[in-house]
Amino acid sequence: MASSGIQLFGFLLAVVGLAAIVTATCMVEWTTFESSEEQADIYGGLWETCRASSSRMSCKAHDSFLELPWGIQVTRAVLISSICLSSLAVLVSIWGMKCTRFMEDREETKRFMALSGGVMFMISGLLALVVTSWYVGLLIEAYKNAHELDRYEFGNAAFVSWVGSILSLVGGAFLNCRRCFRTRSSMSPAMIRQSAAGGAEYV
């Protein structure tokens, strides 16, 4: 029961991480630019740019993918790949976790699918973590080259993406917990006797 609980906890962490990465990908606050010449804040996202003034806020979607800066192109592509991989990991993990009734008579296959789902979650989290950190590095370089009176920084979307990446990594690690796949057939005779003796104490 404890092992299935560990798997379920890891799965839920990874799913929350996936939701956070999806949210970060859709958010517009990847960059925040405050110009000294214009009385407005400009928020740049992976899909659109918004201009906020004291009276109103207007957004405009990016017209052409090829005209986007290459940093946005790479970040968008890697985050979408991470989301797709995590979505596939959700399906694979559901089939492989011990708390589900799928393939109960095929223990080795079920174990392999749970491990595969955990590995996919970890790869997905690593992809999102690396590309987010890389994109933030680009924004820091842009900040260094900006005018002294201009404020140029990365926004909340980067933090949401970082949190989602870490949750996916940790959740995938829990799914790969070796203890969760320990069965009676794989235990040593001494461990079996110890387990039996422990159970007898409660009889």
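1. **Overall layout.** Please keep in mind that this is a predicted model. The chain holds five helices and five strands. Of the 203 residues in the chain, 37% are buried.

2. **The nonpolar core.** The largest nonpolar core is made of 26 residues. Within this core, F11, W30, L79 and F121 have the most contacts. Helices α1 (2-26), α2 (70-96), α3 (107-144) and α4 each give at least two residues to this core. The largest share is from α3, with eight residues. As background, nonpolar side chains tend to be buried together in soluble globular proteins.

3. **Helix α4.** This helix covers residues 156-175, 20 residues in all. From first C-alpha to last, α4 reaches 29 Å, close to the 28 Å expected at 1.5 Å a residue. Its buried residues are A157, A158, S161, G164, S165, S168, G171, G172 and L175. Viewed down the axis of α4, these buried residues fall within an arc of 160°, so they line one face of the helix.

4. **The largest pocket.** This pocket has a volume of about 250 Å³. Its lining has 15 residues, and T31, I42, G44, T49 and H62 are the ones that lie nearest the centre. Strands β1 (31-34), β2 (41-44) and β4 (57-61) each supply at least two lining residues. The largest share, three residues, comes from β2. By type, the lining divides into nine nonpolar residues, five polar and one charged.

5. You will find E29 in the loop between α1 and β1. Is E29 buried or partly exposed? Its relative accessibility is 28%, so E29 counts as partly exposed, given that buried means under 20% and exposed over 50%. A158, for its part, is one of the buried residues of α4.

6. **S53, in a loop between strands.** S53 sits in the loop between β3 (48-52) and β4. With a relative accessible area of 35%, S53 is partly exposed. S53 and D41 are twelve residues apart in sequence, with 6.5 Å between their C-alpha atoms. Strand β2, which spans 41-44, is among the strands that supply the pocket lining.

7. **F112, on helix α3.** F112 belongs to helix α3. Where does its accessibility place F112, buried or exposed? At 57% relative accessibility, F112 counts as exposed, because the cut-off for exposed is over 50%. Along the chain, F112 and M97 are 15 residues apart, and their C-alpha atoms are separated by 9.8 Å.

8. **E153, on strand β5.** E153 lies in strand β5, residues 151-154. Its relative accessible area is 37%, so E153 is partly exposed. The C-alpha atoms of E153 and E141 are separated by 9.9 Å, with the two residues twelve apart along the chain.

How values were computed: Residues numbered from 1 in each chain as written. Predicted model: local features only at pLDDT ≥ 70, side-chain atom pairs only at ≥ 80, totals over all residues. Heavy atoms only, no water. Helix = DSSP H or I, 4+ residues; strand = E, 2+ residues; numbered from the N terminus. Expected span 1.5 Å × (residues − 1). Buried < 20%, exposed > 50% of the residue type's maximum accessible area, 1.4 Å probe, protein only. Arc of directions from axis to C-beta. 1 Å grid on protein atoms, 1.4 Å probe; cavity = no way out; pocket = protein on both sides within 12 Å on 5 of 7 lines; lining within 4 Å. Points joined across faces, edges and corners; volume = space filled by probe spheres on them. Nonpolar A, V, L, I, M, F, W, Y, C, P; charged D, E, K, R; others polar. Core = buried A, V, L, I, M, F, W, Y, C linked by side-chain atoms within 4.5 Å.
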